[in-house]
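Trainee: Hi! Could you walk me through this one? I'd like to get a picture of how the chain is put together.

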Amino acid sequence: MDILITEALTRRYGSLVAVDRLDLRIAPGERRAVIGPNGAGKTTLLDMLAGAIRPSGGRVRFDGRDITGYGPARRARLGIGRIHQRPAAWASLTTLDNVAVAGARHRGGVRQSRRPAVELLDRLGLADLAGVEAGRLSHGQLRQLEIAMALAGEPRLLLLDEPAAGLSPVEFERLAEVLRDLPSEVTLLLVEHRLDLVYALADVVTVLRDGQYVVTGTPDEIRVSHAVRQAYSGAVA
Ligand SMILES: Nc1ncnc2c1ncn2[C@@H]1O[C@H](COP(=O)(O)OP(=O)(O)OP(=O)(O)O)[C@@H](O)[C@H]1O
């Protein structure tokens with residue numbers, strides 16, 4: 001059974017249709033990327049999946065349940081995690097405390113969440129940063145921290161909005177490694193302009209343009225797709 005299904009999912013802003021009757025089916029453990037030129041509707045789609053904005057029409061199903069009317073907190077409790085374009089850690093807390101706090105609800109308290117947080121930082125290669133205040137981290141380290149914070153809740157679906165934005169080449173490599181090494185049962189939905197990250201990570205790529213569905217295929221199919229070249233032609237990617 002598919003873990004995430006959208007049915008005719010639509011968001012309008014006045015006369016503009018940001019996402020137009022989108023049907024998606026994502027299998028458990030799949031690494032799906034959504035690409036498309038600026039204004040294609042990618043962030044609007046993620047916002048609707050995370051519950052941050054309400055669709056104008058259509059439905060979202062997660063793990064067999066219709067979650068269209070659920071808010072972000074309820075979706076998070078069901079196992080939908082999100083990484084934003086702008087990292088959202090507490091600047092005055094250490095890396096470890098941020099991860100422990102992020103996992104507290106899932107673990108039944110901050111105290112119970114500390115040990116798994118230490119293990120998680122270890123697994124992500126961030127143990128050296130455990131005692132460092134988030135306010136002192138580089139942009140790339142903050143991105144990694146936010147991934148650790150999202151994973152602390154053990155999400156089954158992780159929504160990533162341009163995680164590579166603003167990273168140095170070294171940070172980019174590290175991020176790609178962290179995402180590649182995520183447990184195989186975690187389903188990823190990645191919105192990203194960096195096609196090198198998309199092709200390195202995704203098993204399946206969906207292309208949108210101007211809110212419209214264009215095509216879905218494997219990275220190899222998408223690379224050579226005429227429809228994709230057309231979708232990007234004349235558009236600022
Ligand atoms: N709050 C809003 N009010 C009005 N229009 C909006 C709003 N949010 C998004 N839009 C419009 O919806 C369309 C889709 O925007 P969206 O940000 O989802 O695209 P995107 O594919 O994520 O683009 P980018 O790659 O530039 O981040 C755009 O035309 C955008 O201007």
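**A chat about the fold**

Mentor: Happy to! The chain has nine helices and ten strands as its secondary structure. Keep in mind that this is a predicted model.

Trainee: Thanks! What radius of gyration does the chain have, and what would a compact globule have?

Mentor: The chain has 18 Å, and a compact globule with 237 residues would have a radius of gyration near 18 Å, so the two agree. Along the principal axes, the C-alpha trace spans about 50 × 40 × 35 Å.

Trainee: And how much of the chain is buried?

Mentor: Buried residues come to 42% of the 237 residues.

Trainee: Okay, on to the strands. In what order do they sit in the six-stranded sheet?

Mentor: The order is β6-β7-β8-β3-β9-β10, in an open sheet with mixed pairing. β6 (80-83) and β10 (212-217) stand at the edges with a single partner strand each, so one side of each has no neighbour in the sheet. On average, neighbouring strands of this sheet are turned by 15° against each other, ignoring direction.

Trainee: What holds paired strands together in general?

Mentor: Strands of a sheet pair through backbone hydrogen bonds, either parallel or antiparallel.

Trainee: Which helix lies across β6 and β7 at about 170° to β6?

Mentor: That is α5, residues 139-152. Helix α1 also lies across strands of the sheet, namely β3 (31-35), β6, β7, β8 (187-191) and β9 (204-209), and runs at about 150° to β7.

Trainee: Is α1 largely enclosed or largely open, and why?

Mentor: Eight of its nine residues are buried, so α1 is largely enclosed by the rest of the structure. Among the buried ones are Lys42, Thr44, Leu45 and Asp47. After α1 comes Gly51, which has a positive phi, near 90°.

Trainee: New topic: the ligand! Which residues are around the ligand?

Mentor: They are Tyr13, Leu16, Ala18, Gly36, Asn38, Gly39, Ala40, Gly41, Lys42, Thr43 and Thr44. By class, that shell has four nonpolar, six polar and one charged residues.

Trainee: Which element gives the most to the shell?

Mentor: α1 does, with three residues. Both β2 (16-26) and α1 (42-50) supply at least two residues each.

Definitions and conventions. Residues numbered from 1 in each chain as written. Predicted model: local features only at pLDDT ≥ 70, side-chain atom pairs only at ≥ 80, totals over all residues. Near = placed C-beta within 6 Å. Helix = DSSP H or I, 4+ residues; strand = E, 2+ residues; numbered from the N terminus. Nonpolar A, V, L, I, M, F, W, Y, C, P; charged D, E, K, R; others polar. Pairing = 2+ DSSP bridges. Axes fitted to C-alpha atoms, helices over the stretch in contact; angles between N-to-C directions. Contact = placed C-beta atoms within 7 Å. Buried ≥ 20, exposed ≤ 12 C-beta atoms within 10 Å, placed from the backbone. Rg over C-alpha atoms; globule rule 2.2 N^0.38 Å.
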